[in-house]
Amino acid sequence: MTEAIEKNLQRGICLLNTISNEQYSDSSVAPYFSSIGCHMRHILDVFSCVFEGIETKSIYLNKRNRNELLELHTQLGIEYFNETIQKLKEINASSLENTMLVTDDLGLGVKSVNYTLAAILMQAHSHAIHHFASIGYIIYQLGIELPDADFGFNPTTPKVSIERS
């Protein structure tokens, strides 16, 4: 499981290695006017919440770092990805079934539920794919090439062959 998450996070590093700081921080694309960097920072902040809560078995998803400098500089984004991947690698496979209390604000108040560590990592992984899809839209609008054909696609998404004339 962690190998699949790492492979997906590596896609983010591949993208950051091919774009400029200007492209990374460009927030001109409608309708949300969010940058690639904003999405990348957000993705990694969710993983950070998970890692910070492993020892206490209590994860609060609204307690994000929100370091805005990470949204402006690709090198800082790459470093954050690498730190995240390293922490992921440090997780002992036997701890994946440990129960964690996960707390989040769902819009009508704060709720807490029990997850396994594996389940919250799967959620963070799906969340990353979702944001990669949003980044894919931004990339398209900015005229940047996707780092690979699977960037932002859930593995269960059917492959559609598109013929171009």
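Me: Where does P31 lie?
Reply: This is a predicted model, in which local features need pLDDT of at least 70 and side-chain atom pairs count only at pLDDT 80 or more, while totals for chains, interfaces and linings use all residues. Residues are numbered from 1 along each chain as its sequence is written, and side-chain values use heavy atoms, with hydrogens and water left out. Helices (H or I, at least four residues) and strands (E, at least two) are DSSP runs, numbered from the N terminus. On that basis, P31 lies in the loop between α2 (21–25) and α3 (36–53).

Me: Is the peptide bond from A30 to P31 cis or trans?
Reply: Most peptide bonds are trans. For the bond from A30 to P31, omega is near 10 degrees, and the bond is cis.

Me: What is the relative accessible area of K57?
Reply: K57 is in the loop between α3 and β1 (58–60), and has a positive phi of about 60 degrees although it is not a glycine. Buried means under 20% relative accessible area, exposed over 50%, and partly exposed in between, with a 1.4 Å probe and protein chains only. K57 is partly exposed because its relative accessible area is 40%.

Me: Which helices do the buried residues of α1 pack against?
Reply: Helix α1 (residues 2–16) has 15 residues and reaches 21 Å from its first C-alpha to its last, close to the expected 21 Å, which is 1.5 Å times one less than its number of residues. Its buried residues include I5, L9, I13 and L16. With contact meaning heavy atoms within 4.5 Å, the buried residues of α1 pack against α2, α3, α4 and α5 (117–142).

Me: Are α3 and α4 roughly parallel or roughly antiparallel?
Reply: Axes are lines fitted to C-alpha atoms, for helices over the stretch in contact, and angles run from 0 to 180 degrees between N-to-C directions. The two helices pack at an angle of about 30 degrees, with their axes 10 Å apart. Angles under 35 degrees count as roughly parallel, over 145 as roughly antiparallel, 65 to 115 as roughly perpendicular and the rest as oblique. Therefore α3 and α4 are roughly parallel.

Me: How do the residues of the contact of α3 with α4 divide?
Reply: The contact is made by residues including M40, L44 and F51 of α3, and Y80, F81 and L88 of α4. Ala, Val, Leu, Ile, Met, Phe, Trp, Tyr, Cys and Pro count as nonpolar, Asp, Glu, Lys and Arg as charged, and the others, Gly among them, as polar. The residues of this contact divide into seven nonpolar, three polar and three charged.
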